[in-house]
Amino acid sequence: MASGRRKDTALLAARAGRYREHASPPALRRHFSRLWSHALHDGPPAMVAIVPDGYCDLLWIDGRLIVAGPDRTAAFPIIRPGATVIGARFAPGAAAPWLRTPLSALVGCSVPLSDIGREDTAEFEARLGDCPNPSAAMALFSRLLEEATRHEEEPARDAAVIFAAADGARPVSGLLDRLGMSERQLRRRCHNHFGYGAKTLERIRRFQRFLDLCRRSGTIPLARLALEAGFADQPHMTREVGELSTLTPAVIVDQLSMRKRAD
């Protein structure tokens, strides 16, 4: 568990600037489920918490393409105030073949795409570096990804099924017969495509359900939030939310409701 100071001062990434996302164009959708941009506020740097969501992202930031691997717990990167980050979120099962790397090797890491060995990285970075503004960079980023994925193999379908089960609060272990896998095979597939096992993925997606409820629910009592998100009870929610984010549920509700009022 992180220190009390971090709990008191960390700011959810969504509260640290203007975050916008939209569905990928059809040509990209098999490999990237979302495109997004995050314009950070100017002013003194804040301690920004990027919480786990079960995904891997490709980022364009400060003139470089970066792979942000899946996280088990909150990350606290140092990001320049006023920076704009452009990102593409890999669809479940798409990242490992696209990167030629099992995601278990990228857990908790941010790695330059060039270090992973994509031959087109230098060309893409040069072209993006010539963009006059973030809007132009976003449009070009999407086109470059379409070029890069044109000949990529199809993402693993079983990864999408596993992710959907975790996202829908259904035990992933119940898919073994449907997928024709043993528990050992399931564990290996999860580590390859998500970076960790099914139980960790389920914990993270339950935490994300809690965040979605906080954004939509207004002033629902914490005990009810816990049950609707799928926790056993409020103490269970408090423990899990703290371990995954270093924040308390009350702090998260307050931050997300502040964002709702601002919007």
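Predicted model: local features only at pLDDT ≥ 70, side-chain atom pairs only at ≥ 80, totals over all residues.
Local features here need pLDDT of at least 70, side-chain atom pairs count only at pLDDT 80 or more, and totals for chains, interfaces and linings use all residues. Numbering runs from 1 along each chain as its sequence is written, and side-chain values use heavy atoms, with hydrogens and water left out.

Start with W36. It sits in strand 3, residues 32-40; strands are DSSP runs of E, at least two residues, and helices are runs of H or I, at least four, both numbered from the N terminus. W36 is buried, because its relative accessibility is 8% (buried is under 20% relative accessible area, with a 1.4 Å probe and protein chains only). Beyond four places in sequence, its contacts (heavy atoms within 4.5 Å) include Y19, L59 and M138. D57 is also on that list. The W36 and D57 side chains make a polar contact at 2.9 Å. That term means a pair of N or O atoms within 3.5 Å; within protein, one must be able to donate a hydrogen and the other to accept it, and residues adjacent in sequence count only if both atoms are side-chain atoms.

Next, T101. Look in the loop between helix 2 (95-99) and strand 8 (110-112). T101 is buried too, at 16% relative accessibility. Its side chain reaches the backbone oxygen of L99 at 2.9 Å. Leaving aside neighbours within four places, T101 touches A96, L106 and I116.

Last, the helix pair. Helix 9 (198-217) meets helix 10 (222-229). From helix 9 come R206, R209, F210, L213, C214 and S217; from helix 10, L225, E228 and A229.

Technical notes. Buried < 20%, exposed > 50% of the residue type's maximum accessible area, 1.4 Å probe, protein only. Axes fitted to C-alpha atoms, helices over the stretch in contact; angles between N-to-C directions.
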